[in-house]
Amino acid sequence: MAGYQFFDYLIIGEVRTEFIIDLANRSRPDVLGGSALYAAGGLRCWSDRIAVCGHSAAIHQSEIAKIEQKYLIDLSGIQFHNLIQDDRYFLGYITPQELFLENPVAFYASRGLPFPRGLIGYDPIENHQPGMMGSKFLPEDFSNRCLEAGSCLICPFDLMTHLQLTSFLLQSGIKRLVIQSSANYMKMDEFENMPVLMKDLGGFITPSSQLRSLFRNRSKDLWEMAATLGSLGCAAILVYDERFGVNLYETSTGKRYQMPPYPGDISDPTGMPEAFCGGFLAGLKLSQDPREALAYGAVSASLTSEGSGPFYCLESLPSLVQSRLNFARDMIKAV
């Protein structure tokens, strides 16, 4: 355990085994990743006293312990199971915006790369069902110390899990709750559930493709969509596009901000949205300002994308992190 007497942040997400072919055509097999770890890495760029809750296969227990010791992130809230669904996940990048998920055998062959033994028997259809692994949580899964954290991020899960967790966490005293959306429920026929999900949220972060899917036949204007969700009780709506430019709608003031994609060389886009969410949560707590938090999130995402793995971003010098934050602040414009 990281040994903290109290926590400032709680992250709830998945842990999975990733097999990645990055943009430089490098094969990166057996990367321990998943939404929980990428979000924790993005948050750890700015702060500590982080607790993570989730579910994982028991085979990852020793590696999780090493991560906890090295990065001082409390992972004692991760529950390990001997019988758990296949947590392998293949990602083959063509461009930062184009991702190949099916038939990894053909993709490795087309790139002249040896096929990893760890992917033998992999079923891309079964394994790419969004937000299914570890989607069952009970109140006893969360210690009192975790529930006293104050600020919480829930990574993508199915709708029922998001609804149950938001209700439980807000009733338990979490004051600042941010959700990262899931394609699992960002669909037109699930719109009637959004008022319950949005109520009392500090932030809702979603890609533009999912937002358009949710509002299909209702609206075509992203700002109108964001304002509608905000009016349901969420303080800030953040919408990012495939190039990772971000729009921010602040509900209390009606202000709109835009930030273009952070300039830089992207090596591996895996985990950028989760790292952004972690950075945003840190910035929101530290500044109490969604616009400032947007800059924190952008820096976390940019640092993560320059290498592979959830904690590559932590290899940067503090001076670089601060200079990027200053640069990111200047990139944000009111519209």
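Me: How do the side chains of Arg28 and Asp22 meet?

Reply: A salt bridge is a side-chain nitrogen of Lys or Arg within 4 Å of a carboxyl oxygen of Asp or Glu. Here the side chains of Arg28 and Asp22 meet in such a salt bridge, at 3.0 Å from N to O, and Asp22, Arg26 and Arg28 are linked in a network of salt bridges. This is a predicted model, in which local features need pLDDT of at least 70 and side-chain atom pairs count only at pLDDT 80 or more, while totals for chains, interfaces and linings use all residues. Residues are numbered from 1 along each chain as its sequence is written, and side-chain values use heavy atoms, with hydrogens and water left out.

Me: Is Asp22 buried or exposed?

Reply: Buried means under 20% relative accessible area, exposed means over 50%, and partly exposed lies in between (1.4 Å probe, protein chains only). With a relative accessible area of 0%, Asp22 is buried, whereas Arg28, at 26%, counts as partly exposed.

Me: How many salt bridges does the structure hold?

Reply: The structure holds 9 salt bridges. Among them, Arg88 and Asp86 meet through their side chains at 2.8 Å, N to O; Arg88 is buried with a relative accessible area of 13%, and Asp86 is partly exposed at 27%. Another one joins the side chains of Arg324 and Glu306 at 2.7 Å, N to O. That pair links distant parts of the chain, with Arg324 in helix α12 (residues 318-331) and Glu306 in the loop between α11 (290-305) and α12, 18 residues apart. Arg324 is buried at 12% relative accessible area, while Glu306 is partly exposed at 25%.

Me: In what order do the 4 strands of the open sheet stand?

Reply: Helices (H or I, at least four residues) and strands (E, at least two) are DSSP runs numbered from the N terminus, and two strands pair if DSSP finds at least two bridges between them. In this open sheet the order is β3-β2-β6-β7, with mixed pairing. Strands β3 (27-33) and β7 (99-100) stand at the edges with a single partner strand each, so one side of each is left without a neighbour in the sheet.

Me: In which sense does β2 pair with β3, and in which sense with β6?

Reply: β2 and β3 pair in the antiparallel sense over 5 bridges, with Ile21 standing opposite Ser27 in β3. In the hairpin of these two strands, which has 5 residues between them, Asn25 takes a positive phi near 65°. β2 and β6, by contrast, pair in the parallel sense over 5 bridges, and the partner of Phe19 in β6 is Phe90. Strand β6 (residues 88-93) then pairs with β7 in the antiparallel sense over 2 bridges, where Tyr93 has Leu99 as its bridge partner in β7.

Me: How many residues of β2 are buried?

Reply: Of the 6 residues in β2, 6 are buried. Both faces of the strand are covered, with Arg16, Glu18 and Ile20 on one side and Thr17, Phe19 and Ile21 on the other.

Me: Where is Phe115 found?

Reply: Phe115 is found in the loop between α3 (104-110) and α4 (124-127). At 30% relative accessibility, Phe115 counts as partly exposed.
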